[in-house]
Structures are given as structure tokens and as C-alpha cells.
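Grab a pencil and have a go at a few exercises on the structure shown below.

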Amino acid sequence: SAAEKGGWSSFMKKEISEEPDAVANTLRGRVVGGTVQLPELDGVAEELAGINRVLILACGTAAYAGMLGKYAIEAWARIPVDVELSHEFRYRDPVLDERTLVVSVSQSGETMDTLMAVRYAREQGARTLSICNTQGATIPRESDAVLYTHAGPEVAVASTKAFVAQVTALYLLGLHLAGQRGALSEAAIAAQLGELEAVPHKLQQVVDAVSGRIAELAHWMSDTQSVLFLGRHVGFPVALEGALKLKELAYIHAEGFAAGELKHGPIALIEPGQIVFVLVPSPRDPSSLHKKVVSNIQEIRARGARVIAIAELGDVAVVPFADEVLRVPLAAPFFQPLLGVVPLHVFGMELATAKGLDVDQPRNLAKSVTVE
Ligand code: G6P
């Protein structure tokens, strides 16, 4: 009902506006004096200390959060991490044992594919940790431990605020493991936590700054047939998430690519007028990824693509090559995706709205898929 939406035109619009709170509430009480406090993991502390591998299992948007978790946990805690779609994992005779930590990520905690994968992992002797947004759901009940995200109830079928909360929880887990293993210094952990705590405010700036402009862009693009998304490193899962939103909400063909893969095939798709969103890494990043992605933009622009760049404030290098630049505040590399994803969530919603579609209830989809 209109009352439940609190004056918003859709649950999705309301839930995107709640992305800053989803992160803030997931952090609340868990960062104290520059350290991670996760008392819910106390009961499995010994098991966690003994793991030699992490396997993240999820479906849909939650799996993209998992990909970000993989990059962060490996970088911070120096433990090998894999991320796999639950339904693929379950039926391929995977290798795992009691030193494997299986981390399931699920907003609903009821996704049957993920539940079956967790059950299977337990049977194989793995330790199981659930990252879940729904108190008392089946997956957390069947796991050894649970780390709840506090995004609040998510009603729109396409996930938005749950995604940023899942990434937040995975980052907390990564920093917790890094501390436990001494893989990062106390100062380095405190610095990353400081970055994480700054995210809600920056997210609010993005929500406020980009929404109007994206509505205009989506209006002009309402008859587009295909949209591509490019990202690299932590921008890659964001590209996949942007594409999924367009499929789910606007029913148009969309694909996300790792920008480095462009020359290995996808560049053949570029023809005049093709819309391409590009997540641009920070020019302050010590890696050379900013330069590489800007050169990808030049390559596709030369072939007629219409480029919408999502770039950090003050990044002037992209300006000559982009048709449009959507700005996000400065953040350390691992925190950029939490900001860059917002314009893509808004774009999916606005393109669907421009096409006259129901953004909360897309055709053929269910909020939680409780069948295999
Ligand atoms: C459905 C939803 C997606 C969601 C996926 C996983 O397919 O449409 O938005 O990402 O399920 O849901 P879960 O509840 O496990 O996070």
C-alpha cells in the first residue's frame, strides 16, 4: 500500500534511498575503537582460526556481493577465497573439508538453491557461516554461525539495499579474519574500518546527486535495445550487478564485462550508438587500472559507443572521452563499488519506469525463489 511505501512511488525507490542506512545499520556496534567486534562469531572462533580456505555461495545479486567479498578477504586476510553460484556448486562433486569455511550470502535466507548447497557443504564437513538479512530464516538456522545484515525488510523483487549491506558484512568478516590471523596490522585494519564507516555519508551524497540526472538519461534511452557495463577489479561485480538490474527491471538485453576482457571478444559488439556504462577506477589508485580503463573508453568511443562513465570527483582524464560523467565521492578502492553501484540501481529503476513497467514486481520473478 501507499502507506507502507512511506510516500515513495515504489518500494524500490524507497529501498535505494535506504542504501546509506543499510550500511550504517550493518556496521552499528561492530566497529569499536578501530577494531571489528563480531560476538556472533565467538562460538566458532576456534573453527575460524583453523580454516585454510573460504568458499562463498550465493545466487543473483548476493553472488556479486560475494565476488567483492572474495577480492577483499583475499587481499586483507590472505586466505584463498572462491565464490560460486549455489546451484552450480551443489551438483558438481566439489572438494571441501572441515578446514573450508562456507559463507552463504542470502537476503531472504530461504533461497532453495543456496539452502541445498549449505546442507551439502555441512554434510561434507565444512564450517558454515550465513550472511543473511532475515532474522531466523532457514539458512541461518541451519548454519554454524550467522552474521546478520541490517538492511531492513526488502520488498522490491530486485535487490538493492541488501547488496550494499552484504558487501559491508563480507568486509567486516574479511577484516575480522585479517585481525585473527595477523595478516593486517591493527593500524591497517583501523584505516579500512574508517573508510567503511565513511561510506554511509558518501552513499547519501551519491543518492542525492545522481538521481535526477539519471532519470533524464533513462527517459532519453527508453527505447534502447541493449546496454553494456564495463568494470575492472572491484568494478567488475558492479558491472554485472548493473546488467542484472536492467534485465530484471527493464527487460532489455544487458551484459556486464570485465574491462580487460573487452579485447578478447566483447569489443566486437560495439557499434555506433551502443550505450556502455563504465565504472572508472580512481586515478589515485596506485595500480595502473585507471589508465587501462580510460584507454578502454577511448577504444569503444572510437567505434561509436555512447559512454556513461561513473568516475570519482575530480577525475578529469575521463571527461574528453565520455558522453556523460556521473560523479562519486573519493574512496579507497574496496569502497568504490559501494558508491558506484547506486547510479546503476537508479538507472535500472528509472529505465523500467520510463518504459511504464512495475519496478517492484517484474514479470516472471519472485523475491525469494524457494524451489530448486
Ligand atoms: C532472486 C531475486 C534476486 C536475488 C536472488 C537471491 O532471484 O530476484 O534479486 O538476488 O533471488 O536471493 P537471496 O534472498 O538468496 O539473496
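Here are the exercises, each followed by its solution.

This is a predicted model, where local features need pLDDT of at least 70 and side-chain atom pairs count only at pLDDT 80 or more, while totals for chains, interfaces and linings use all residues. Residue numbers start from 1 along each chain as its sequence is written.

**Exercise 1. Work out the strand order of the open sheet and find its edges.**

Step 1: Know your terms. Strands (E, at least two residues) and helices (H or I, at least four) are DSSP runs numbered from the N terminus. Two strands pair if DSSP finds at least two bridges between them.

Step 2: Read off the order. The five strands of this open sheet run 4-3-5-6-7, with parallel pairing.

Step 3: Look at the ends. Strand 4 (81-85) and strand 7 (145-148) are the edge strands, since each pairs on one side only. From one strand to the next, the twist averages 20°.

Step 4: Zoom in on the pairs. Strand 3 (residues 53-58) is joined to strand 5 (residues 100-106) by five bridges, and Leu 55 sits opposite Val 102 there. Strand 5 and strand 6 pair over six bridges, with Val 102 opposite Thr 128 in strand 6.

**Exercise 2. Decide whether strand 6 is enclosed or open.**

Step 1: Set the cut-offs. A residue is buried if 20 or more other C-beta atoms (placed from the backbone) lie within 10 Å of its own, exposed if 12 or fewer, and partly exposed in between.

Step 2: Sort the side chains. In a regular strand they alternate between the two faces of the sheet. Here Arg 127, Leu 129 and Ile 131 point one way, Thr 128, Ser 130 and Cys 132 the other way, and all are buried.

Step 3: Conclude. With six of its six residues buried, strand 6 is largely enclosed by the rest of the structure.

**Exercise 3. Describe how helix 8 packs with helix 9 and with helix 12.**

Step 1: Two packed helices are described by the angle between their axes and the distance between the axes. Axes are lines fitted to C-alpha atoms, for helices over the stretch in contact, and angles run from 0 to 180 degrees between N-to-C directions.

Step 2: Take helix 9. Helix 8 (residues 161-181) and helix 9 (residues 186-220) pack at about 170°, with axes 11 Å apart.

Step 3: Take helix 12 (residues 336-354). Its axis and that of helix 8 come within 10 Å and cross at roughly 175°, so these two are roughly antiparallel as well.

Step 4: Check who meets whom. Phe 163, Val 164 and Val 167 in helix 8 meet Pro 337, Leu 338 and Val 341 in helix 12, contact meaning C-beta atoms, placed from the backbone, within 7 Å. These residues divide into six nonpolar, no polar and no charged. Ala, Val, Leu, Ile, Met, Phe, Trp, Tyr, Cys and Pro count as nonpolar, Asp, Glu, Lys and Arg as charged, and the others, Gly among them, as polar.

**Exercise 4. Find the surroundings of Phe 257.**

Step 1: Locate it. Phe 257 is found in strand 9 (residues 253-258).

Step 2: Count. Phe 257 has 23 other C-beta atoms within 10 Å, so Phe 257 is buried.

Step 3: List contacts. Leaving aside neighbours within four places in sequence, Phe 257 touches Leu 228, Leu 230, Ala 239, Leu 262 and Pro 266.

Notes: Angles under 35 degrees count as roughly parallel, over 145 as roughly antiparallel, 65 to 115 as roughly perpendicular and the rest as oblique. Two residues are in contact if their C-beta atoms, placed from the backbone, lie within 7 Å.
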